[in-house]
Amino acid sequence: MADVIRSCVACRHKQPQETLYRFVCKDHEIRLFAGVGRSFYICKICIDDDKKLAKSTKRICKTSKDLSNNIKTALSFNNL
Ligand SMILES: [Zn+2]
């Protein structure tokens with residue numbers, strides 16, 4: 001079976017889906033994707049790049065808030 005390829009919203013690199021984290025933006029907050037809403041992907045490298053993370057999540061969630069901590073919280077809650 002062919003790999004599902006998705007692009008990271010921060011660096012735009014195309015990668016197999018299993019190397020990306022999948023999130024959803026709801027009410028200007030970011031959570032791990034749980035089956036509903038418009039999701040987006042971020043690669044593991046960009047997760048560690050706070051600047052990149054902040055910039056791309058602002059764009060996606062249409063907010064001026066820095067949501068990079070949102071992402072880190074979502075990941076730590078799920079032990080990822
Ligand atoms: Zn990336």
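I count a residue as buried if 20 or more other C-beta atoms lie within 10 Å of its own. By that criterion, buried residues make up 21% of the 80 residues in the protein chain. I note at the outset that this is a predicted model.

**Entry: overall make-up**

I looked up the secondary structure and found 3 helices and 5 strands in the protein chain. Along the sequence their pattern reads β-β-β-β-β-α-α-α. I then took the radius of gyration, which is 12 Å; this is close to the 12 Å from the globule rule for 80 residues, so the chain is as compact as a globular protein of that length. The C-alpha trace spans about 40 × 25 × 25 Å along its principal axes. I also checked the contacts between residues at least 6 apart in sequence, and 46% of these join residues at least 24 apart.

**Entry: the sheet**

I traced an open sheet of 3 strands, in the order β4-β3-β5, with antiparallel pairing. Strands β4 (29-32) and β5 (39-43) are at the edges; each has a single partner strand, so one side of each has no neighbour in the sheet. I have the neighbouring strands turned by 40° against each other on average, direction ignored. Between β3 (residues 20-26) and β5, which run antiparallel, I found 5 bridges. For R22, I noted Y41 in β5 as the bridge partner. I next looked at what packs on the sheet and found helix α3 (residues 68-77), which touches β3 and β4. The direction of α3 makes about 25° with that of β4.

**Entry: the core**

I looked up the largest nonpolar core, which has 14 residues. Of these, C8, I30, I42 and C46 touch the most other members. The elements giving two or more residues to this core are β3, β5 and α2. I then listed the contacts of C8, leaving aside its neighbours within four places in sequence. The list for C8 holds H13, Q15, L20, Y41, I42, C43 and C46.

**Entry: K51**

I picked K51, which lies in helix α2 (residues 50-61). Is K51 buried or exposed? I find 11 C-beta neighbours inside 10 Å, and the cut-off for exposed is 12 or fewer, so K51 counts as exposed. I also took the separation of the C-alpha atoms of K51 and D66, which is 9.4 Å. These two residues are 15 residues apart along the chain.

Definitions and conventions: Residues are numbered from 1 along each chain as its sequence is written. This is a predicted model: local features need pLDDT of at least 70, side-chain atom pairs count only at pLDDT 80 or more; totals for chains, interfaces and linings use all residues. Helices (H or I, at least four residues) and strands (E, at least two) are DSSP runs, numbered from the N terminus. Two strands pair if DSSP finds at least two bridges between them. Axes are lines fitted to C-alpha atoms, for helices over the stretch in contact, and angles run from 0 to 180 degrees between N-to-C directions. Two residues are in contact if their C-beta atoms, placed from the backbone, lie within 7 Å. The radius of gyration is taken over C-alpha atoms; the globule rule is 2.2 Å times the number of residues to the power 0.38. A nonpolar core is a set of buried Ala, Val, Leu, Ile, Met, Phe, Trp, Tyr and Cys residues joined through C-beta atoms within 7 Å.
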